[in-house]
Amino acid sequence: MEVNFKNVTKKYGNTIAVKDLNLKIESGALHFLLGPSGCGKTTTLRMLAGLEKVTSGAIFFDGKDVTNLPAADRGIGMVFQNYALWPHMSVRENVAYGLKLRNLSKSEIEGRINEALQITQLTPFASRAPGQLSGGQQQRVALARALAIRPNVLLLDEPLSNLDAKLRLEMRDNISRIHKQTGITTLYVTHDQKEALSMGTSISIMHGGNLIQTGTPRSLYREPATPFIAGFIGETNIIPGRLKSVESDHVIVATCLGEIKSNRFSKGLGIGKDVYVSIRPEAIQLELKHSGQSQNRFEVNLQHLTYLGESEQLQLVKGDLFLKANQFNAADHGLNDGDGVRIYLPETDTLVLPPDSNLGANT
Ligand code: ADP
Ligand code: MG
């Protein structure tokens with residue numbers, strides 16, 4: 001089912017939790033809301049579920065206005081960070097709970113429970129109590145309970161936050177598989193960019209109640225619209241500078257390193273204005289032999305090198321500017337802390353962005 005938010009705002013007193021949200025979630029998507037704590041993710045989810053009234057604007061399911069439809073009539077399955085299972089009931093009874101409140105035949109209920117247990121791979125644990133399960137298994141019970149009602153939309157609010165790192169990875173795979181198998185339109189809330197990048201078919205970034213960019217994992221990583229997004233989705237180096245010139249296919253930015261040429265830049269940047277050059281740590285190249293070229297090549301100092309086998313991390317410094325560079329399959333260069341290093345910032349890997357201006361209704 002397609003979900004559409006149109007100009008949705010939510011205020012709590014003077015706090016604007018969500019500001020003029022316009023967002024379409026395609027039918028069958030695994031769509032992520034990603035952003036730091038307090039940016040309005042849970043509020044958005046709760047408005048979708050009908051647990052929170054919108055202050056203004058409207059929400060549509062497949063084009064039908066559901067803004068005033070009660071929560072119970074929206075067909076929503078929800079999973080939270082704390083599993084919210086009944087401790088005195090078996091796994092099977094927990095999954096059955098939401099179905100008993102509906103007007104379904106006994107055989108229909110049995111069929112749905114079995115299907116939900118099977119898809120979450122819980123069939124062998126059906127008669128156990130939640131206390132006899134691991135955290136990951138308990139979260140799968142919560143998922144099975146949400147799936148058993150055959151929801152129009154599945155809402156997951158930080159579902160993996162209470163799990164340890166290994167289980168989190170396992171559950172990522174589980175949820176991705178279940179989403180593929182069922183094709184249920186899913187809205188997944190998290191502050192963990194790795195979860196969003198690795199699982200999402202699309203991602204919306206929120207900050208201070210505003211939705212600031214929506215895209216695929218690849219497009220957000222490659223073309224973040226602002227320095228905040230560049231730093232939030234993956235790691236990046238931000239080099240402040242002033243825009244010196246704009247040509248059709250490149251711009252030149254004056255920075256403390258020197259002039260940086262970039263083939264990738266936001267539209268409408270003004271000459272003489274403050275801008276930011278973003279470059280990913282893995283895109284910075286070491287120039288161990290002088291190439292004879294000077295464009296985008298700079299002399300910096302190696303402050304510290306961390307050798308990790310398959311890669312190495314270099315902390316580089318020039319004046320007040322610190323840069324992080326990750327080298328994979330690195331040559332045995334014999335560099336030591338304190339050495340001078342020549343780096344190359346490829347024109348196609350530098351991204352010139354305007355300052356974050358659109359951020360923060362309530363920050
Ligand atoms: P997130 O889920 O992204 O961490 P929330 O949607 O929970 O953020 O909160 C967004 C903003 O709305 C925060 O500033 C929060 O303090 C505020 N807020 C959320 N729920 C309430 C509430 N029931 N009453 C007052 N303020 C709230
Ligand atoms: Mg939240």
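A crossing of two helices is called right-handed if the near helix is turned clockwise from the far one by less than a right angle, and left-handed if the turn is anticlockwise. With that in hand, α4 passes α5 in a right-handed crossing. Keep in mind that you're looking at a predicted model. The chain is assigned two domains, domain 1 (3-227) and domain 2 (228-353).

**How the two domains sit**

- Going by their C-alpha centres, domain 1 and domain 2 are 38 Å apart.
- Where the two touch, domain 1 puts in 19 residues and domain 2 puts in 17 residues.

**Helices α4 and α5**

- Two packed helices are described by the angle between their axes and the distance between the axes.
- For helix α4 (residues 135-148) and helix α5 (residues 165-182), that angle is about 20°, and the axes are 11 Å apart.
- Angles under 35 degrees count as roughly parallel, so α4 is roughly parallel to α5.
- On the α4 side, the contact is made by Gly136, Gln139, Arg140, Leu143 and Leu147.
- On the α5 side, you'll find Leu167, Met171, Asn174, Ile175 and Ile178.
- Sorted by class, the contact of α4 with α5 has six nonpolar, three polar and one charged residues.

**Helices α2 and α3**

- What angle do the axes of α2 and α3 make when they cross? Helix α2 (residues 91-100) and helix α3 (residues 106-119) cross at roughly 125°, and their axes come within 10 Å.
- That angle makes α2 oblique to α3.
- This crossing, with α2 passing α3, is right-handed.
- From α2, the residues involved are Val91, Arg92, Val95, Ala96 and Leu99.
- They meet Ile109, Glu110, Arg112, Ile113, Asn114, Ala116 and Leu117 in α3.
- By class, the contact of α2 with α3 comes out at eight nonpolar, one polar and three charged residues.

**A closer look at Arg218**

- You can find Arg218 in helix α7 (residues 217-222).
- Is Arg218 buried or exposed? Its relative accessible area is 73%, and exposed means over 50%, so Arg218 is exposed.
- Arg218 and Ser202 are 16 residues apart along the chain, and their C-alpha atoms are separated by 9.4 Å.

Conventions
Residues numbered from 1 in each chain as written. Chains lettered and ligands numbered in written order. Predicted model: local features only at pLDDT ≥ 70, side-chain atom pairs only at ≥ 80, totals over all residues. Heavy atoms only, no water. Axes fitted to C-alpha atoms, helices over the stretch in contact; angles between N-to-C directions. Helix = DSSP H or I, 4+ residues; strand = E, 2+ residues; numbered from the N terminus. Parallel < 35°, antiparallel > 145°, perpendicular 65-115°, else oblique. Contact = heavy atoms within 4.5 Å. Nonpolar A, V, L, I, M, F, W, Y, C, P; charged D, E, K, R; others polar. Buried < 20%, exposed > 50% of the residue type's maximum accessible area, 1.4 Å probe, protein only. Domains from an automatic or database assignment.
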